[in-house]
Each structure stands twice: as structure tokens, then as C-alpha cells.
Amino acid sequence: MLQSVPTSLRQRNRASEAQMLRTLNTFAVDLMSIPCVEDLFWYVAQNVVGKLGFVDCVIYQANDAQTDLTQAAAWGEKNPFGRNIINPLVIPFGRGITGQVAQTRKPVIVDDLLSDLNYIPDTQPARSEICVPLICGGRIAGVIDSEHPEIGFFGDAELEILSTVAAMTSAKLELLAETGRSQRRYEDLVVAHTQLTRETENRKALEAKLFEARKQDAIGRLAGKFAHEFNNLLTVIAGNIELLELDSPEVGSQETLQDAKTASERGAQLIRDMLAFAQRTRLVQQTVDLNAKVIAFCEECDATLSRGVVKVLAKDIWPVSVDPTALENMLLALTLNGVEAMDTDGVLKITTENVFHTLAEAPNFPSDLTPGRYVRLSITDEGRGIAPELLEQIFDPFFTTKTVGEGTGLGLSMVLGVMRQSGGTVAVHSAVSFGSTFDLYFPAIPIATE
Ligand SMILES: Nc1ncnc2c1ncn2[C@@H]1O[C@H](COP(=O)(O)OP(=O)(O)O)[C@@H](O)[C@H]1O
Ligand SMILES: [Mg+2]
């Protein structure tokens, strides 16, 4: 074994010193690409032995509390396991030569271990030892230790080389720590940025909701006031038409009066829809079985709609409280819209279903609906669908895509007003060219009062 031990560096000549400098240079360049502390320690241990001519090298890493050193890498005769340490040795600060170097932060050379009181005997006999500290950011990061079987093997040259290696290793340790800190700072920033983006989006959504609510409120007030005033005028007009009818027996003027009467009735219907949107209709709520109402409505309207309606009605539907006339108006407005949106062969479907709206289920329900039990009545058509950019406007009063005289734009706003006034709401799902579904949510009557 001893024959393979390299000559002490003190005996090296200038040429070999130049070689040593070149080796240290390569060492410094290699360190740059090492990605983590573990790889760094193994690289240093291996190369102190392999390229710098030491027979063994053990690197100990200090713990955060600065109380213990733990074997982190070992290369040479003492570690036959390659890049692996079985039962890493743990040495308290202050104990043995390595522990002393960690505590005093000063390098130590021991010429004859057998006469040194600090020496902790090992399985492999060694006679001399050198140990240098690794200092990083003012703290002990560990120590680099090497032993040799000859007495007095280590001198100034070895101390200089190992101290240079330790300085380079410490610098790299600082760099790795800084990289880790930057990575964590970057990750924190990413988290903060994601959170901020989410909060901004939430705020924007809230602002949009608030704006929508204010808009609905403002239009509602205006529509309500206008409808009220206009209703007074209509009452006068309708009254005068009736008087004229009595006074004018001629056929021609009767026809003109009939036209005026039809127009004023149409005006009155408009006013009712506007009042409904403004949630100012006097609703006469009754306990209603929605299935029975749907069946009755379809029987009456099959002829008007000029097609059959497919009914998918859930059994044991909960009773709801709603004004029956308003309910009929809503069914009529929605089925007419559906039929108008379809070709002659499209199918119109009415579905009823009991639904539980819990907080966990919230994403599946309209955002303006509070959790609770509801009966959902859905009217689905296979018509042209509604473009996404129009979805927000269709409930506005007077919004219509129909030509003048064909649409008033008051159907859906009336539905929204009645549903809100009844403690529920209406939602729409639509896909252009495939059709639309309008979901009416009626609050179920609380069980105790059913
Ligand atoms: N089932 C539907 N399919 C396609 N578009 C619809 C449907 N229901 C409503 N709409 C759109 O919403 C608009 C507003 O509807 P509504 O308030 O009932 O007024 P109107 O029917 O008088 O136009 C319609 O003009 C139409 O563009
Ligand atoms: Mg309509």
C-alpha cells in the first residue's frame, strides 16, 4: 500500500508545482458547473485524492445549529463503497481533530497522530493528518480532512493547496446557497403573482357583477316609473275608446276604434312586462305543482306553438310558491322564443328537476342564487343559439334582435323580474347553431310549511 503513496508535495519541483496550479485551475472551472452541495462535496473529495495527490479525503458537513459534523463524502482507502457512505460518522464540534477545527475555525496539521490526545483511532492506522475549515457566510459549513500513513507527511505546501481548495469550495457553497435563495425568492414571487392575478380577476368579476346589478337597478327604476306614468295615460285612452264605441254606431269608425283598442291592449301588455321587469308587479303567490302547470300549459299551447313539446318531468317535484298568471306568461315567452329560434323540425323540451344548491356545488349554479332547495324548470330548444357576446344583453329590457313589430325585447326581462321577485333566478346556456336552454330556479317551499 505504501508504495502507491505519492511523494510529499514538499519534494515536488517547479514543474510539478506548475502542474498543480493547472490542476487547481481545472478544479475551479469544474466547480462552476456543479449543481448541488452533495455533488460538490463528492467532487472535492474525489479530486483532492485523485488530482491533488492526497491518499484520502473526508468531507464533513456542519449542521445548521453548528453543533455537529456529519460525514458527507469520503474518497480513498478508507471508503471502499464508492459514492456512498454507510453509517456516516457524526462528530460533535470540539471533539477530535475535525471537531476542533470546526470549533476554532483554524486549520490543523498533526505530524504524529499516535502522540496526539485529540486523535480518535480509526480502523485504518494513520500517522499524520491535515484538516481545514469550510467557512461560508460567516458560519462553519464543514471541514476537509485528509490522513496519511507516514509520520509528518503534511507541510506548508499541502496546507496551501487544501486551504485553496477549501476557499474555492466555500465560495461555491455560498453561490449554491444564494442560488437556492434566489430560486425561493423567485418561487415566492411566482406564488405572489398568481395570487395577485387571482385577486385582480376576482375583483374584476365582482366589479362586473356590481355594475350589472346597478345597471339592472337603474333600468328597473326608470322602467317602473315610466310604466306607471304610461299606464295612467293608457287608462285614459282606453276609457275614451270605450266611450267613443258607445257614441259611434257607424261600421267604419267601429273598425278604427277596434284597431285603437287592440293597440292600447298591446300597450297595456307592454306596461305589464315592464312592471314585471322592474319587479313591481303585484304577484299573487300560490303553492303550485310545476309539473301540473307544465302539462296544462302544453295542452293549451300545442296549437299556438304548432308543434308538440317534449316533457321530461321528474317525479315527486317539490311544491313551489309562484303567481300562476306570471308563470304562464313566462312559459309562453320562453317557449315562443324557442320556437322562433328553430326551423320547423326542431324539438322543444321542458324539463323539471329537484336540485340542491350547496356551497360545494356553487360553480354549477347561477352566481346570484343563494344556497338552498330549488325546482329547476328548463326550456330547451334546438334553435340557432345565442352568440356569447349577446348573452349579457338578452335580459335587458327592449333588447331584441327581431325586426320592429316582431319583438319588443321585454320577454326575457319580464322573466328575470318575476323570477327574482319570487326569490329565484333565471340562467341561460347556449351554443351557436345548437340551441339554448333557459333554466328557471324556483325556491322550494320549506318542508315545515309545505
Ligand atoms: N331561445 C332563444 N334562441 C335564440 N335567441 C334567443 C332565444 N331567446 C331569446 N333570444 C334572444 O334574446 C332576445 C331577447 O328576447 P326577448 O326578451 O324575449 O325579446 P324578443 O323576443 O321580443 O326579442 C331575442 O331577440 C333573441 O335575440
Ligand atoms: Mg321574446
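Helices here are DSSP runs of at least four residues, numbered from the N terminus. I am working from a predicted model.

**Entry 1: domains.** I looked up how the protein chain is divided. I found domain 1 at 2–183, domain 2 at 210–263 and domain 3 at 281–449. I then checked domain 1 against domain 2. Their C-alpha centres lie 100 Å apart.

**Entry 2: annotation.** I went to the UniProt record next. Its entry is unreviewed, and it carries the annotation "domain: Histidine kinase" over residues 225–446. I looked at that span in the model.

**Entry 3: ligand 1.** Which residues are closest to ligand 1? I noted Asn 337, Ala 341, Thr 400, Gly 407 and Gly 411. In total, 21 residues surround ligand 1. I sorted the shell by residue type. I got 11 polar residues, seven nonpolar and three charged.

I also asked which helices supply at least two residues each to this shell. Those are H7, at 324–341, and H9, at 411–421. H7 gives the most, with four residues.

**Entry 4: H4 and H5.** I turned to the helix pairs. H4 runs over residues 156–247 and H5 over residues 251–277. Their axes come within 9 Å. The crossing angle is roughly 155°. Angles over 145 degrees count as roughly antiparallel, so H4 and H5 are roughly antiparallel to each other. I logged the crossing of H4 past H5 as left-handed. What kinds of residues make up the contact of H4 with H5? I have 16 nonpolar, five polar and two charged.

**Entry 5: H6 and H7.** I came back to H7, the helix that gives the most to the shell around ligand 1. Its partner in this entry is H6, residues 290–305. The axes of H6 and H7 come within 11 Å and cross at roughly 45°. How are H6 and H7 set to each other, parallel or oblique? At that angle they are oblique. I logged H6 as passing H7 in a right-handed crossing.

Notes
Residues are numbered from 1 along each chain as its sequence is written. Chains are lettered from A and ligands numbered from 1 in the order in which they are written. This is a predicted model: local features need pLDDT of at least 70, side-chain atom pairs count only at pLDDT 80 or more; totals for chains, interfaces and linings use all residues. UniProt positions are given in the numbering used here, feature names are shortened, and annotations may be inferred rather than shown by experiment. A residue is near a molecule or strand if its C-beta atom, placed from the backbone, lies within 6 Å of it. Ala, Val, Leu, Ile, Met, Phe, Trp, Tyr, Cys and Pro count as nonpolar, Asp, Glu, Lys and Arg as charged, and the others, Gly among them, as polar. Domain bounds come from an automatic or database domain assignment. Axes are lines fitted to C-alpha atoms, for helices over the stretch in contact, and angles run from 0 to 180 degrees between N-to-C directions. Angles under 35 degrees count as roughly parallel, over 145 as roughly antiparallel, 65 to 115 as roughly perpendicular and the rest as oblique. A crossing is left-handed if the near helix is turned anticlockwise from the far one by less than a right angle, and right-handed if clockwise.
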